[in-house]
Amino acid sequence: MMWLADNAWVAVALPALFALLVALVGRADRLVAPLLGIGSAASVLLSGIAVLLTVAEGRTPAAATIRWLPSEEGILAIGWSADGLVGSMLVVVGFVSLMVMVYSAGYMAADEGRVRYYALLSLFLAAMSLVVVSDGLLGLFIGWELMGVCSYLLIGHWTIKPAAAAAAKKAFLVTRVGDVGLLAGIVLLWSHAGALDYESLAAVIDTLSPDILTTVALLLAVGAIGKSAQFPLHIWLPDAMEGPTPVSALIHAATMVAAGVFLIARTWPIYELAPLATYVLLGIGVATALGAALVACVQTDIKRVLAFSTISQLGFMFAALGAGYWGVAMFHLVTHAAFKSLLFLAAGSVIHSSGTQDLRKMGGLRKGMQFTFEAWTFGALALAGIFPTSGFFSKDKILYIVTSENLPAGALLFLTTAITAYYVARVTVLVFFGPRNSRKKPHETGLAMSIPPLILAIPAVGLGYLAKPSIELMAAEYVGFDLPVALIATGVALLGVAIGVFLHRSGPSADIAFERRLGGVWGWIQAGYRLDSVVQKSVSRPSLGLARAAYRHIDRDLVDRAVIGVGSTANFLGERLRRLQNGDTQWYISMGFIGLIVLYSLSVSWDRIHVWLTGGG
Amino acid sequence: MNVEAWWFVLSPVTIAFAGGVAALILDGWDRRVVAIVVTIISALVAAGASAWLASGSTSFVLADVLLIDPTIYAVWALIFGLSALSTLGGAVRMSRLPAGGGVSALVAFLSAGSALISASVDLLLIVILIEVLAVVGYGLTASIRTSGAKEAALKYFIQGSVATGLFVLGLALAFGLLGGSTEIAALGEGTAQAPVVALIVSLLILSAFALKLGAFPFHSWAPDVYQGAHPAGASLIVVVPKIGALSAMFLIAEVLMRPLEGSQTAPLQPTLLFSVLAIASIIFGNLGALRQSDFGRMLGYSAVAQAGYALIALAVGLITYPGAMLLMTVYGLAASTAFAVAGALRAGHSSWDGSIRGMSGLAASRPWLAASLAVSMLSLTGIPLFAGFWGKLSVFGLAAAEGFIFLTVAGVLGSVFSFAYYGAVIRTVYFDQPSDTRVPDTPTSPTEALTDTGVRYRALPGVASVVGAGVLVIIGVVPLFIGLTPLVRFFGIGG
Amino acid sequence: MWQLDALVLIPLAGAVVAALAATKAKLVALTFTLANIALFLSLAPSGIFRGEIVHGLFSPQEPGTMWLLTLDGLSLPLVMLTMLLFIVATLSSWGVTSRPAAHHALLLGLQSAILGVFLAEHVLLFYVFWEAVLIPMFFLIGRWGYEGRRQAAVKFFLYTFAGSVFMLIGLLIALMSLEAITFTAMAQTIGGPAGDGFNQVLVFALLSIGLLVKLPAVPFHTWLPDAHVQAPTAGSIMLAGVLLKMGGYGLIRLAIPIAPEGWEALAPLLLILGIVGVVFGAAMALVQDDLKRVVAYSSISHMGFVLVALSVGTETAISAAILVMVSHGLVAGLLFYLVGELYERTHTRELASLGGLSYLTPRLAWSLAFAAFASLGLPGLSGFPGELLAVMEGFRNWSWWIAPVGIGLVLAAAYNLRVVARVNHGPHPPGLSGLSDLGPRALLGVAILAIPVLVIGIWPRIVADLSTPAVQRIIELAVRGVSP
C-alpha cells in the first residue's frame, strides 16, 4: 500500500496497460474487457486510497521527475507527485469510474464496439490520472489533451450516427480553444519562470511580476473554462450526450469537467497572487451557474437536463474558486461527482428501460423500477441541496463564502439554488410519478446496472459529514457550517421543490402551457440562449468562409496564378517570337545588322551612359 | 619531344583529312558503307592522336599562322571525337544517299577545318577556313535533298557569306589601318593608336564568329538549319564549328579588347558587349524554343540559349576559358546525342514527322532510345549527374566568383527555364500516350540490334545515341569521385 | 567507414538489379532497402548513436574528390527516417502493376539520392544529390501518378529546380568568400573574414529561397498540393516524408552556419513565413475536398513550425525543428500510406464520397484516426513535443508575436477531425461496401510508422539526444560567426 502511495505513476501506467490489454485480448471473451476495465478503475482507486492514507499519517508520498525534452534554459521534465488533493481526486476518479465500469458491463453488453469502448475508457482513466498525479503543468497538459481525444472517441462511440460524430468533433474543438489558452499560459509561465513543475514554480512565483501572474492565471483559466464547460465554452457539453450514458456519467462527474477545477486548485499559488483572475472566475462561475440552471428547467430530454445541471454545478465550483476557497470547490466537486454520476447512471437505466430520453414520454416509472427510483431520489435530493445529503453541506459552504465575499453574487447563487431544486423536482415528477406515457412496461435493468447507483447513493448522502476531514486532508482552508445560510438555502430549495412538484404533478401539460405562453423566449432558453447558433454564425461559418475565400482568391488566384502566369507569359512571348522568325533571309540579315549597329552605339557611348547612370560619379 | 615536323604536329588533322579524301574516292566506286566506316575510323584515330599529343606539354608555331599547344590538342580531340560520333549517328541516312560517301567526306573536312580554325592566329587563314566551313556546311545541309534542306542550306550559305563579308571587311580595315599585318597578336599592338577602328574591326570579326556560334542577333540560321539538315550534318554544324569559333573568340577578345582595359581611352567594353549578347541570346533562345513543335527547331533555338551561356564565359574573361570549352563540348555531346536519336527515328522506316509530339510513346517502344534522349535533355538543362551540369557550373561558378552575379542569375534562370521545353520532350516520350504517328517497334536494345545484319545496320544511330548518353553520364558522375579539376584542367590554358 | 559510402551506393546497385528483375522487382527493392538498414545498423559500434561523427571512405583532408560523406547527429535522425519510409514506400507499391521494375528501380534511385543529400559533406556533392532527387521523383509522378500527373510532374520539377538554383547561386557566392568547400571547413573558416553583413544577408536569402521552396513556405508552396495529389502513393510518402525535410535540413546544415549574420538579420522574416505557413496551411487544409490535398496543405502547416523554430537562435529551438521534421515525416508518411490504401479500395479520395469506414474497414479507419491525431499534435504522439518546443522557444524569443500559431493549433484539430468524421463516421455511401480491410502487409506498413510515432511521442529524447551534439556544434559556430 505504501509502495502504491510512493509510486503514484502506477495510477497512470496500469490503466494504460489495461487499455492495451483490452485492445489486444478483449475480443477473446465477453467478460475479459469489462474485467480489465474494472481492474484499471480499481488500480486508480487503490492508488488514491494509498495516497490519502499516507497523507493522513502525516507523511508526504514520494515524488520523482525525469527530463523529458532537452532545453538549455530550464527544466522541461515530467514526473509525479502526490498529496491530499491528488489522493482525493484519485479516489473520486477511481470510485466513480469503478461504478461506471460495472454499470457498463450491463449497459454495453450487446454493443459491437465493446472492446474499443473499454479500451478507451481505460485510456481515459489513465489520461485523467496523468492530469492528477503529474508534478507539473507539462504532464498535466499531456493528460489533459489525451483526455480530450478519449472523450472525442467515446462521445463518437456510435460511429454510424452523424450526430455523434458532430458532437464529438464539437467537444474536441471547443475544448481545444480552451487548451490553446492553457498552452499559452504554460508557455508564458515557462518563459518567465523557467520551470513548469509545481515545486519549482512555488519557489520562484513571488519573483514574477503581478501582471505576468495575472495573465498566466487568466490563460490557465481559459483552459479550465473549456474543460469544465463554463460560459462561453460550455456549448460542447450538452451535445456530448450523444455518447453512451455511462460515458456521460464519467465525463460529467469525475473526469473531464473535474479537470478544470482541479487545474485551478493545483495551481492555486498563482491565483493567490492574481486577484483579478479570481474575480473573473467568480463572475463566470455565478453567471454560468444561474444561466445553465435556467436552461435546465425547460429541457425535455432527461440527459440534457442533467447536462445543464452539470454546467450549473460547475459554476458553483468556479464561484467557490473565485471566492478564494479552492478546498470548498474541491469538496463540492467530490460530492457532485457522487450524486451526479448516480443521477446519470439512474437516468441510463430509465432510458434503457423506457426506450426514450424524452421526459414527456416517460412518467409513472416508479412502479417497476424501485431501486432505480430510490437511488435517483437520493441523488436528486443531493443535487437540490436538501438536508442532510452531501450536496446540502457542500453547497452551503459555497453559498456562505460567496455571500461573504460578494453579496450580489451570493444572492444570485441563492436564486440558482431555488431554480435547481425546481428543475430537479420537475424531472423527478415527470419521470417517476404521474401517468405512464410509454407503452413499454418499466423494468429493472439487471444487477450490473442497478447496483452501482445504489452504491453511489452512500457517498451522495453521507459525504457531507466528511467535509472537515476531507478538506483538511487536502491541506486547504476549511469553512465551517453556517446556520443562517443553511436555513435560507434550505428554505429556497424547499420552495423550489414545492413549485416543481406542484406545477408538474399532472405530467408534461405544464410545459406545454408555459411554452404557449412564453413563446419565443421559451425556445430561446431551451436552445441554451441560442449560443450555438451565435457561435456558428460568428465564428465557425465566417472562419470557414474566410478559409474558402482565401483558398480561392489567395492560394489559387493570386499565388498559384502568379506562378502559372510566368509560364503563360513566356508561352505568349514564345509564340510571338515564333512568328518573328518568318523564314525570310533578308529579315534575318537585317536583324544581324541592326544588332551590329546597336552594339556599336552601345560600345561607343557606354562611357557616357555610365556617367549618366552613376550621376557623374 | 623534339620532333617538330609539320606533319607530326598536324597529324590529327592530316589523318582526318586523309580519311575524307579516301571516302571521296571510295564513294566514286560506290562503296558508300566502306567510305563511311573509313571516315569514322579516321576520325577516331585523329581524336586518339590529339589526345595523345595533348598529354605532352610543348607548343608549336607553324609558319606564324598556327599556334598549337596542348589545349588546342584537347579541343581537337573533342572535335574529332564528336565528328566520329555524329558520323555514326547519321550513318544510316548517309548510306541511303546517292553520294553518301561524299557526305561523310564533308564531315571529315568540316572537322579538319574546325580544328585548324581553333589553332589559327592569323586572320587571313581564319577567313579562308570560315569560307571552307561555310561551303562544307552548305554541302552537308543540302545533301539530304529535300526542299526544306535545300532552303536551309541556302539560308545557311547566304548568312555564311554575310559573315565572311563582315570578316573580310574587318580584315581589310585591320590590315589597312592597324599596321599592315594579319596576325592577331600584331593587331593588338595597333589598337592603342586607333581605338575606334579597333572597335569596328573587333565588332566585325566578332560578329562573324557570333554567327558561327549562333548567338543573338546572328542566330537566325540556326532554327532552319537544325530543322532541315541531315542529322549528321546538323549535329556537326551545330557542334564542331562552335567549339572552334568559341576558342577563336576568346583569343580575339583577349588580344583586341583586353589590353585596352584600364587605359583611360578605352572605347571598348568587352564585358558589356558580351553580357548584352549573352543575356539577349539566353532570353531569345529560351523563349523561341518554348513553343516549337518540331524537335530540330526546338534544338535550334535552344542552341541560341546555349551560345548565350558560352558568351557569359566570354564576358567574364580568359579565366573562364576552360569552363567555356567544357560547356561547349558537353553541349555538343548532348546535342549530338539528341540528333542521333532523331537519326535513329528517321532510320526506322518510320512515319515520324520530326515533331516532338510524334515521339510520344517512345519509352515503351524503344526504351534505350528514350533513355538516351532523356539523358541528353537533362544534360542540356544542366541537371547534376549529367555532363551538362559541370559545364554550366564551371562557367556560372566562375562568373559568381568574379562578381558577375547578374550574369550568373541570368544563366541559371535560363537553365531552369530551358527545362520547360527540354522537360516537355521527356514528358512526351515517357508520360504521354502514343500518338497516331507511332514509332514502329524496331530494335529495343543495342545487343539485340547486333544479332541480325539488316537490323544491325539500322541500329547504328541508336548505338551512337546510347554511347553519347553513356559518355554524358560518365562525365556527369566521375567528377564526383575524382573532382572537377581534371576535367577543367583538360582545357587548361597552356597545359 | 566504407559503410557510409555503401549506404548511398547500395540502393543505386539495387536500382540496376530491380530494373532487370522485371516482376520480382518489389522483392529486390525490399531486400536492398533492408540490407541497407542492416548496413546502417552495423555502424552502431562506432558510436553514431552516442554522438560520434563518422566519415566516409575519403577523408575531407584529401583534396580533389567531392565524394565526402559524413554522418553526424543532424543527419542521423533523417537518415533513419528515410530508411523507415522507404520500407513503407516499397510496401505501398506492392500492388503496382504498370512497369513495376522501373517503379522500384526509381524508388531505389531516389533512396540513394536522398541518403546522399543527408550524408554529403562536400557542398557540391550536396547540391548534386539535392538536384538528383528531382529526377526519379519527376518520373515517378509523371509516369505512375493520377489524372493530372503530367503537368504536375513538370510543375514540380520546374518550381523546385528554380528554387534550387538560387540556393546554388548563394552557395557559389559563399564559396567565393569562404574558400572552403566542405561543411566542416566552411564552418571552421566562418570565424574569420566570412564576408560582411550585407553579403551574409544576401547569401542567407539566396540559400533560403531554394530551401524554402522545398520546405515549402508560403508563398512558395503551390507546387506541393499538385505534386502530392498527383503522385503515386510511394511518391507522396517520399515527398511529404523526406523531400520536405531536405529544406529544413538545408537551413540547419547550410544556411545557418554559412551565414549566421544573415540568419540573425532575417530571423523575423523566417518567423513571419513560419506563422503564415502554420495558419494559412491549416486554413487551406480545412477547405479541401480531396483527401490528399488536405494532407498536402497540412504539411505546409507543420513545416511552418520548423520555420518558427529556426527563427530562434537557440539549441533547443533547432532540436525542436528536428523533432518536428522527424515527426512530420512519420505522420505524413503514414497518412499518405493510408490514403493510398484507401484509394486502392474505394477508388476515390473525395471526402464527400467517403464515410462509414469505421465499421466497413475498422483497421484502416482507426489507423487513419491515429494518424490524424498524431497530425493534430496530440500529446503522447510524436507531433506534440516538437511543436511544443517550437512554440515555447518562439515565445521566449518573440513574445506575443507568435500568438497566431494558436489559431493554427485549433485549425489543425479542425481539419484532422473533419477528415476523421467524414471518412470514418456516419453511414457509408451506397457505392462503398464489400471493402477488404488492411491485410498483414499493410498493417506491417502502418506499424513501421505508428510505433515510432508513439515512441517519440512518449519519449522525445530518443530523437533529441541523437541530434543534440551536432546542434550544439552548429550553434557554437553560428554564435562565433555572429560575434567573432
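**Chain C, quick tour**

Visitor: Why does the radius of gyration of chain C agree with a compact globule?
Guide: This is a predicted model. Chain C has 484 residues, and a compact globule of that length would have a radius of gyration near 23 Å. The chain has 21 Å, which agrees.

Visitor: What does the C-alpha trace span along its principal axes?
Guide: About 70 × 55 × 40 Å.

Visitor: And how many helices and strands in chain C?
Guide: 20 helices and two strands.

Visitor: What share of the residues is buried?
Guide: Buried residues account for 71% of the 484 in chain C.

Visitor: Contacts next. Of those between residues at least 6 apart in sequence, what share joins residues at least 24 apart?
Guide: In chain C, 82%.

Visitor: What about the accessible surface?
Guide: Chain C exposes about 13200 Å². Carbon and sulfur atoms hold 68% of that.

Visitor: Switching to charges. How far apart are the mean positions of positive and negative?
Guide: 12 Å, for 23 positive and 23 negative charges in chain C.

Visitor: Now helix 3 of chain C. How far does it reach?
Guide: Helix 3 covers residues 75–92, which is 18 residues. From first C-alpha to last it reaches 25 Å, close to the expected 26 Å.

Visitor: Why is helix 3 called largely enclosed?
Guide: Because 16 of its 18 residues are buried, the rest of the structure largely encloses helix 3 of chain C.

Visitor: Where does C:Asn36 lie?
Guide: In helix 2 of chain C, residues 25–41.

Visitor: Buried or exposed, that C:Asn36?
Guide: C:Asn36 is buried, because its relative accessible area is 0%, and the cut-off is under 20%.

Visitor: What does C:Asn36 touch?
Guide: Leaving out residues up to four places away in sequence, C:Asn36 touches C:Ala6, C:Leu7, C:Ile10, C:Pro11, C:Met83, C:Gln111 and C:Leu115.

How values were computed:
Residues numbered from 1 in each chain as written. Chains lettered and ligands numbered in written order. Predicted model: local features only at pLDDT ≥ 70, side-chain atom pairs only at ≥ 80, totals over all residues. Heavy atoms only, no water. Helix = DSSP H or I, 4+ residues; strand = E, 2+ residues; numbered from the N terminus. Rg over C-alpha atoms; globule rule 2.2 N^0.38 Å. Buried < 20%, exposed > 50% of the residue type's maximum accessible area, 1.4 Å probe, protein only. Contact = heavy atoms within 4.5 Å. Areas by Shrake-Rupley, 256 points an atom, 1.4 Å probe, with all protein chains shown as cover. Lys, Arg positive; Asp, Glu negative; His and termini not counted. Charge placed at Lys NZ, Arg CZ, Asp CG, Glu CD. Expected span 1.5 Å × (residues − 1).
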